[in-house]
Amino acid sequence: MNKQPHFIPAFHFHWLTRWYDPVMRWLFPEGRISAALIAQAGIQPGESILDIGCGTGTLALLIKQTNPDTALYGLDVDPKILEIARQKSEKNNETILFQRGLATCLPYADETFDRVFSSLLLHHLTREDKQQALEEIFRVLRPRGELHIADFGQPRDFTMQLISWVTRWFEEVYDNILGLIPDFATDAGFNPVQQTAYYRTIFGAVVLIRAYKPER
Ligand SMILES: C[S@@+](CC[C@H](N)C(=O)[O-])C[C@H]1O[C@@H](n2cnc3c(N)ncnc32)[C@H](O)[C@@H]1O
């Protein structure tokens, strides 16, 4: 990928990228959500796993540390954030294959992965790109493979609803707040699609979703 495509960086502005890890550590229940997402995936030794929109690689690193006998790939469109991810994995002596690419045009063959993770990526994509990314994930998953999503979702309580009135104008989060991500996953071919957890955060309601690619 030579020309820089348009994308929304991790914290909306490129100059904020270097603050992503410290802010997430302090203001977001990142550890709790990542641990729950990994636990629900039930990863088995020998599996091939993709973390799409991997950002600074925190989730990918945790997957690799908790499941050393796996082949782990991290994909992100932002070369600057991938550099942070590479440095972190090197520092921790973990082998993760980080690659630059677009969620809407994955550089992998059909049926490559057993599990795909998507953490806080989808709210960066337009509706059309969310749908295309989910179709791409479906394509690269093996039959009976699983997609595990952590992202903003439909608020279920008053405080989260209040926050969503502000954040709904931010980035491409509105479809998340409307609760449309499971519908988009179903449209892409996943079945069943289940919302498995709900978290209240200062940025709004975050949900975990598990979606299965049927056998054939
Ligand atoms: C909020 S960050 C989430 C990072 C990480 N997954 C996490 O949970 O901390 C969103 C990431 O998606 C990446 N991104 C945005 N648009 C993308 C696209 N079209 N294809 C691939 N990555 C994209 C951004 O560069 C950023 O690193």
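A pocket, in these legends, is an open set of points on a 1 Å grid over the protein atoms alone, where a 1.4 Å probe fits and protein lies on both sides within 12 Å along at least five of seven lines; its lining residues have an atom within 4 Å of a point. The views show a predicted model, in which local features need pLDDT of at least 70 and side-chain atom pairs count only at pLDDT 80 or more, while totals for chains, interfaces and linings use all residues. Residues are numbered from 1 along each chain as its sequence is written, and side-chain values use heavy atoms, with hydrogens and water left out.

**View 1. The second largest pocket has a lining of 13 residues.**
Start by finding Arg25, Glu30, Gly31, Thr58 and Lys88, the lining residues that lie nearest the centre of this pocket. Two or more lining residues come from each of helix 1 (20-27), helix 2 (30-41) and helix 3 (58-66). Helices (H or I, at least four residues) and strands (E, at least two) are DSSP runs, numbered from the N terminus. Which helix gives the largest share of the lining? Helix 3 does, with 4 residues. The space in the second largest pocket is about 220 Å³, a volume being the space filled by probe spheres set on grid points that are joined across faces, edges and corners. Sorted by class, the lining has 4 nonpolar, 5 polar and 4 charged residues. Here Ala, Val, Leu, Ile, Met, Phe, Trp, Tyr, Cys and Pro count as nonpolar, Asp, Glu, Lys and Arg as charged, and the others, Gly among them, as polar.

**View 2. The ligand is surrounded by 19 residues.**
Tyr20, Gly53, Asp76, Ala103 and Ser119 are the closest. The shell holds 12 nonpolar, 5 polar and 2 charged residues.

How much of the ligand does the protein bury? The protein buries 96% of the 600 Å² that the ligand exposes when taken alone, with accessible areas from the Shrake-Rupley method and a 1.4 Å probe.

**View 3. His12 and Leu120 have positive phi values.**
Most residues other than glycine have a negative phi. His12 has a phi near 75° and is found in the segment before helix 1. Leu120, with phi near 60°, sits in the loop between strand 4 (113-119) and helix 5 (127-140). Buried or exposed? Leu120 counts as buried because its relative accessibility is 13%, whereas His12 is partly exposed at 29%; buried means under 20% relative accessible area, exposed over 50%, and partly exposed in between (1.4 Å probe, protein chains only).

**View 4. A cis peptide bond joins Asn191 to Pro192.**
Most peptide bonds are trans. The bond from Asn191 to Pro192 has omega near 0°. Pro192 lies in the loop between helix 8 (181-187) and strand 6 (193-201). Gly189 is found in the loop between helix 8 and strand 6.

How values were computed. A residue is near a molecule or strand if one of its heavy atoms lies within 4 Å of it.
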